[in-house]
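This briefing is intended for reading alongside the sequence and the three-dimensional structure. The points that follow are grouped by topic.

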Amino acid sequence: MEIAIISGKGGTGKSSISAAFATMNNEVVLADCDVDAANLYLIFNPENKEEEVYIAGHKAMIDYSLCTNCRKCIDYCRFDAISLKDNKVVISEISCEGCFLCSRICPENAINMVPNDKSRMYSGSFRNGKMVYGRLAPGEENSGKLVSMVRDKAKQVAKENNLNTIILDGPPGIGCPVISTITGADKVVIVTEPTISGIHDMQRTLGIVQKFNLKACVIINKSDLNSVITRQIEQWCKTNGITVAGKLPFDTQMVKAMVEGKSITEYNANLSISKKIIKILNKILNHN
């Protein structure tokens with residue numbers, strides 16, 4: 001079973017809830033699919049046994065020993081990434097889309113496409129099972145391919161180790177990385193918060209989930225910070241047939257647990273918020 005935990009916006013507490021889900025019951029495979037800002041490895045400090053390079057596109061580089069300044073590449077580049085400076089053809093790394101066109105049309109074969117190979121995928125063990133996560137290098141483009149790599153590896157690890165549950169900690173938003181996270185998942189959990197942006201982004205995220213014919217349930221985190229909007233979220237979900245799996249209060253114990261490198265359920269399973277999370281997970285597992 002794959003449980004994808006996502007959110008319409010960042011800062012809703014999605015990763016803290018994912019960490020709690022991953023450390024409550026039997027061993028699981030935990031996959032951090034928020035590759036732009038992976039952070040669960042900071043809490044669980046996994047023992048990485050595998051490291052795989054992820055090629056996040058290519059950038060064009062000029063071999064000036066071959067370049068004759070014919071400027072043909074400047075004329076053909078549709079991204080305005082190539083220009084002439086000080087009578088020298090230069091390529092902007094930021095503007096270059098890695099489309100390969102300039103390298104194909106260069107009559108002197110002076111342009112090479114260099115792979116962006118700084119991003120990585122890691123696989124190993126953590127204290128409650130196996131963990132897979134990706135780390136996108138700063139400035140690299142994330143089209144969802146690295147997320148797909150993480151998910152495929154998580155499935156492989158689960159099969160090899162006879163683990164039945166995969167927890168997918170997804171990215172915020174509604175872009176390609178989110179779509180890669182939820183596609184084919186058995187259950188989708190959307191974590192929201194009682195703010196104007198929280199309810200708006202939750203609705204957008206639910207729209208994406210429903211387009212893939214997936215059923216989702218909602219967790220309202222920090223629900224006591226604005227009771228009016230919390231009720232609005234509950235009413236909207238009820239009107240649209242969306243299950244609210246539970247509400248969690250704002251609790252500084254979550255931060256204390258994180259500082260100690262633990263999930264909230266590891267930190268103290270007897271806390272009220274820990275008991276609520278356990279109850280929510282059981283409801284999600286039994287929700288069809």
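**Overview**

The protein chain contains 11 helices and 13 strands, where helices (H or I, at least four residues) and strands (E, at least two) are DSSP runs numbered from the N terminus. The model is a predicted one, in which local features need pLDDT of at least 70 and side-chain atom pairs count only at pLDDT 80 or more, while totals for chains, interfaces and linings use all residues. Residues are numbered from 1 along each chain as its sequence is written, and side-chain values use heavy atoms, with hydrogens and water left out.

**Overall dimensions and domains**

- The C-alpha trace of the protein chain spans about 70 × 40 × 35 Å along its principal axes.
- Of the 288 residues of the protein chain, 49% count as buried; buried means under 20% relative accessible area, exposed means over 50%, and partly exposed lies in between, with a 1.4 Å probe and protein chains only.
- The domain assignment gives domain 1 as 2–55 + 119–286 and domain 2 as 58–115; such bounds come from an automatic or database domain assignment.
- The centres of domain 1 and domain 2, taken over C-alpha atoms, are separated by 42 Å.

**Helix α5**

- Helix α5 covers residues 145–160, and its 16 residues should span 22 Å at 1.5 Å a residue; the end C-alpha atoms are 23 Å apart, which agrees. The expected span is 1.5 Å times one less than the number of residues in the helix.
- The buried residues of α5 are L146, V147, V150, R151, K153, A154, V157 and A158.
- N162 follows α5 and has a positive phi, near 55 degrees.

**Helices α7 and α8**

- Helix α7 (residues 196–211) and helix α8 (residues 227–239) have axes that come within 10 Å and cross at roughly 20 degrees. Axes are lines fitted to C-alpha atoms, for helices over the stretch in contact, and angles run from 0 to 180 degrees between N-to-C directions.
- The two helices, α7 and α8, are therefore roughly parallel to each other; angles under 35 degrees count as roughly parallel, over 145 as roughly antiparallel, 65 to 115 as roughly perpendicular and the rest as oblique.
- The crossing of α7 and α8 is right-handed, a term used if the near helix is turned clockwise from the far one by less than a right angle, with anticlockwise giving left-handed.

- Helix α1 (residues 14–22) is mostly covered, with eight of its nine residues buried.
- The buried residues in α1 are K14, S15, I17, S18, A19, A20, F21 and A22.
- A22 has 0% relative accessibility and so counts as buried. The C-alpha atoms of A22 and G129 are 8.6 Å apart in space, and the two residues are 107 apart in sequence.
- I5 lies in strand β1 (residues 2–7) and counts as buried because its relative accessibility is 0%.
- I5 and I182 are 177 residues apart along the chain, and their C-alpha atoms are separated by 8.6 Å.

**Helix α2**

- L42 is found in helix α2 (residues 40–44) and counts as exposed because its relative accessibility is 58%.
- L42 and K262 are 220 residues apart along the chain, with 9.7 Å between their C-alpha atoms.

**Loop residues with positive phi**

- F100 is located in the loop between β6 (88–91) and α4 (101–105). Its phi is near 80 degrees, a positive value in a residue other than glycine.
- At 28% relative accessibility, F100 therefore counts as partly exposed.
- N213 lies in the loop between α7 and β12 (216–220). N213 is not a glycine, yet its phi is positive, at about 55 degrees.
- N213 counts as exposed because its relative accessibility is 73%.
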